[in-house]
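User: Could you walk me through this model with a few questions and answers? I'd like to begin with the packing.

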Amino acid sequence: MKKYLSYFTNGILRENPLLMLMIGLCSALAVTTSLANGIGMGIAMTFVLLMSEIIISAFRSLIPQSIRIPVFIIVIAAFTTIVDLVMKAFTPELSKAMGVFIPLIVVNCIIMGRVESFSYKRTITESIADALGMGLGYTWVLCSISFIRELLGAGTILGMEVLPESIRMGFFAQSPGGFFVFGLMIAVALAAKKALERKGGSR
Amino acid sequence: MKTMLKLSFVMGVYAAVACLALAGVYLLTAPRIAAAENRAVNETLSVIFPDADNFKDVSGSVTSPGGQIVFDGAYVAYTGSEVVGMVIRATGPTYKSSTLLVGVDTKRTLKPVQFMANTDTPGLGTKTAEPAFSGQFTGKAIDDAFSLGDDLDNISGATISSRGVAEIVKIASWSAGDYLAREHGSLAGTGDGPKIVELAPMEAQKALEDIFPGSEFVPIENLANTLERSIVFDRSWLVRSGDTVVGVAIEARGQTYKATTAIVGVTPDRILAGVRITETTDTKNYGWNMNDPSFYGLFTGMSADAPFLVRPTSADGDIDALSGATVSSLGFANIVKVASLEGARYLADNEGGKPAPASAQELVLNVIPDEQ
């Protein structure tokens with residue numbers, strides 16, 4: 001049980017895909033202009049990651065080593081398309097707001113990376129723990145960035161107005177603001193990781 | 001061979017299973033997606049015409065008058081059996097592109113314009129969707145000029161977006177008003193409606209015939225630019241009508257905002273027969289507007305010995321700069337000046353054309369500022 005917990009917590013900070021491994025960044029910077037986008041993208045990506053890891057892990061003995069990459073791509077692409085269709089059907093507003101970035105989950109390197117380096121070699125339960133951890137790690141970072149950017153850039157939280165127009169900074173709604181917030185988050189996360197390591201000894 | 005077959009088979013199986021799964025999900029979601037899209041359209045249509053209780057899709061029967069603006073849909077709004085207006089869904093270039101729902105009532109006034117999509121720069125071009133800008137259209141008569149700075153306010157920092165949106169609204173609303181007048185006997189418009197001018201450079205042959213209609217063009221080999229190094233003569237022609245020489249045409253290339261090639265025609269009397277642009281890499285919507293006949297037409301009939309200085313850069317110049325494209329205008333005037341002087345000189349030296357006046361001054365060109 002402890003093993004699964006460690007796999008799960010791994011993605012949240014210690015090996016957080018965005019803040020530590022620094023992969024899958026383009027979608028993270030592009031869609032995080034509003035909190036709703038951040039939540040939606042996080043859930044969509046977590047779903048694709050979870051399903052792909054489960055399938056790959058379940059069929060790992062049936063996927064020949066030499067053609068594993070194309071098979072991974074088929075599996076990931078299929079789930080991405082499913083998410084895309086489902087979002088269009090049930091949350092058309094959100095789907096429109098995220099535009100091309102939902103289909104682009106298919107080339108998100110977090111998914112390819114976890115499938116290749118983790119679930120192709122591990123059991124289903126381990127893969128589930130890993131996928132949930134990584135997905136949650138991705139989602140919380142996305143939500144934090146988008147929360148800050150939406151609050152400072154547009155003065156709203158989930159579309160509700162909280163800051164008056166006079167102190168909003170349009171800068172945060174644009175790409176430079178995204179890089180800026182993201183850079184600060186990396187700094188904070190590294191500091192937090194160091195503090196944790198000092199407390200927890202050699203781990 | 002055996003492994004190859006086996007691998008292909010395995011790949012095939014995975015692909016087939018994935019296809020089946022996708023087909024299933026597609027079949028399950030397709031009706032919902034169509035319904036959601038329909039609902040989204042209908043909801044926005046109801047915002048435009050709150051009193052209407054029925055919208056008839058007439059998308060096939062209204063098409064954009066041309067240009068880069070496309071109509072994606074058209075709906076006639078009814079209250080009971082009475083036509084109350086029409087909505088056109090139009091997509092066109094703004095800074096990137098915008099999709100708008102433009103509603104017009106039977107009295108040729110605009111209903112609130114709705115943005116369906118806008119891919120312009122967030123915080124700048126996307127401000128066109130905010131009430132401060134888009135609200136200006138509400139209640140506006142579609143026969144108005146839709147000219148930014150006159151009857152519409154610009155968004156500072158987003159001129160191209162503002163202009164693009166105004167253009168889409170103008171074209172779509174005019175088409176809607178036209179349709180209502182034609183099909184449902186609503187008020188007809190005054191004037192000709194917006195013109196779509198596709199500005200583009202001309203083919204060299206067409207340009208020559210445009211400047212010197214019905215003439216023969218004999219290539220000249222030895223006409224070179226001796227005045228100014230930065231402007232290059234690509235080709236030149238002696239223009240004849242029967243046995244008489246009616247002029248010289250020179251294709252000259254030089255710096256404008258980027259670069260422009262133009263054919264300049266001069267008569268033996270040292271008068272410009274015309275100027276046509278055959279190629280330009282200047283910016284769309286700005287320097288590109290040199291292709292507008294109302295700009296290059298200014299040069300027709302000018303003397304080859306005119307100063308060709310551009311206002312307002314030269315306070316006492318004789319040519320007005322194209323609005324928003326001063327640098328392009330400066331460079332273009334230089335090209336015309338050098339080519340026309342050389343053309344007139346060639347005619348004077350070889351074909352008995354009028355010589356340069358004694359009062360001819362030193363060559364003064366427009367100074368193109370360095371890039372900031």
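**Packing and confidence**

Analyst: Leaving aside neighbours within four places in sequence, B:Phe332 is in contact (heavy atoms within 4.5 Å) with B:Thr256, B:Thr260, B:Ala262, B:Val275, B:Ile277, B:Met290, B:Phe295 and B:Phe299. This is a predicted model, where local features need pLDDT of at least 70, side-chain atom pairs count only at pLDDT 80 or more, and totals for chains, interfaces and linings use all residues. Residues are numbered from 1 along each chain as its sequence is written, chains are lettered from A and ligands numbered from 1 in the order written, and side-chain values use heavy atoms, without hydrogens and water.

User: Which residues touch the most other members of the largest nonpolar core?

Analyst: A nonpolar core is a set of buried (under 20% relative accessible area, 1.4 Å probe, protein chains only) Ala, Val, Leu, Ile, Met, Phe, Trp, Tyr and Cys residues joined through side-chain atoms within 4.5 Å. The largest one has 51 residues, and the two in question are B:Phe299 and B:Phe332.

User: Which element gives this core its largest share?

Analyst: Elements giving two or more residues include β9, α5 and α6 (326-350) of chain B. Helices (H or I, at least four residues) and strands (E, at least two) are DSSP runs, numbered from the N terminus. The largest share is 10 residues, from α6(B).

User: Which element of chain B has the highest mean pLDDT?

Analyst: pLDDT is the predictor's confidence in each residue, from 0 to 100, and chain B averages 86. Helix α5 (residues 293-296) of chain B is lowest at 82, while the highest, at 93, is strand β9 (residues 259-266) of chain B.

Key:
Buried means under 20% relative accessible area, exposed over 50%, partly exposed in between (1.4 Å probe, protein chains only).
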